[in-house]
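Here is a short report for a first look at this structure. Keep the sequence and the 3D view at hand while reading.

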Amino acid sequence: MDSAAPMQPAMPRLNEPAPDFTAKTTHGEKSLSDYRGRWLVLFSHPADFTPVCTTEFMAFARNHDRFKTLNCDLLGLSIDSTFAHIAWVRSIEKNFGVKMQFPIIEDLSMKVAQAYGMIQPGASDTSAVRATFIIDPEGTLRAMVYYPMTNGRSIDEFLRVLEALQTSDKHGVATPENWKPGDKVIVPPPQTQEAAEKREKEGYEYVDWYFSKKDVA
């Protein structure tokens, strides 16, 4: 009888608590609980001293202050050692003049990477793919995006999603495709027939009972 295939760890799921961790980083030991009360963007990269990852980390670093303005911290990860991370960070600063102001997790055991589904056998058996997770101040996973090994991420998109999530939370609304601050937001559709019949007269930018927009301050 064939032995059963090993069970794969469960993937993280949206709107559930983000997998907890405590890990060694380039800024000392960090735990998910350290970020309670702030938003967190946790992102993995396949390996230190690789060109695509270098461009991404420089882009995160250049936008560090923009994330801070949105009450959001940055936390990188790869399965490389802290010593490799330190050497890579120093190399980036020397060669490109960009200083990393955020910590990078050492995940030699792949414990954090496995918990967050960063190890994708179809892409790589030993490296974390380009995964990005947005975690809210309550520790809830609100968004996640996985990229292939060959293609870099757009940091502007993560900033856009972060602002959209914060706007939805604050105003109880949804945001349309490619929404940016200053654009109109989508009013949640009515939940009863009676409410649907009243929607047109409620003062929104009305298209149909299920589709209305408004401005938010």
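A disulfide is a pair of cysteine sulfur atoms within 2.5 Å. That cut-off settles the first point about this predicted model. The sulfur of Cys 72 lies 20 Å from the closest cysteine sulfur, in Cys 53, so the gap is too far for a bond. Cys 53 is in no disulfide. A search of the whole structure finds zero disulfides.

| Cysteine | Relative accessible area | State |
|---|---|---|
| Cys 53 | 0% | buried |
| Cys 72 | 1% | buried |

Buried means under 20% relative accessible area, so Cys 53, at 0%, counts as buried. Cys 72, at 1%, falls under that limit too, and therefore counts as buried.

**The nonpolar cores**

Which residues touch the most other members of the largest nonpolar core? They are Val 41, Phe 60, Phe 67, Met 100, Phe 102 and Ile 134, out of 27 residues in that core. Several elements give it two or more residues: strand E3 (39-44), helix H1 (51-62), strand E4 (72-78), helix H3 (82-96) and helix H5 (155-171). H5 supplies the largest share, six residues.

Val 41 deserves a look of its own. Leave aside residues up to four places away in sequence, and Val 41 touches Phe 60, Phe 67, Cys 72, Asp 73, Leu 74, Leu 75, Thr 132, Phe 133 and Ile 134.

**Helix H5**

Now turn to the helix itself. H5 has 17 residues. From its first C-alpha to its last, H5 reaches 25 Å, close to the 24 Å expected at 1.5 Å a residue. Which residues of H5 are buried? They are Ile 155, Phe 158, Leu 159, Arg 160, Val 161, Leu 162, Ala 164, Leu 165 and Thr 167. Just after H5 comes Gly 172, with a positive phi of about 65°.

**A hairpin**

One more feature involves two strands. Strand E1 covers residues 22-25 and strand E2 covers residues 28-31. E1 and E2 run antiparallel, joined by four bridges. Thr 22 has Ser 31, in E2, as its bridge partner. Between the strands, a hairpin makes the link through two residues.

Methods: Residues are numbered from 1 along each chain as its sequence is written. This is a predicted model: local features need pLDDT of at least 70, side-chain atom pairs count only at pLDDT 80 or more; totals for chains, interfaces and linings use all residues. Side-chain values use heavy atoms; hydrogens and water are left out. A nonpolar core is a set of buried Ala, Val, Leu, Ile, Met, Phe, Trp, Tyr and Cys residues joined through side-chain atoms within 4.5 Å. Buried means under 20% relative accessible area, exposed over 50%, partly exposed in between (1.4 Å probe, protein chains only). Contact means heavy atoms within 4.5 Å. The expected span of a helix is 1.5 Å times one less than its number of residues. Two strands pair if DSSP finds at least two bridges between them.
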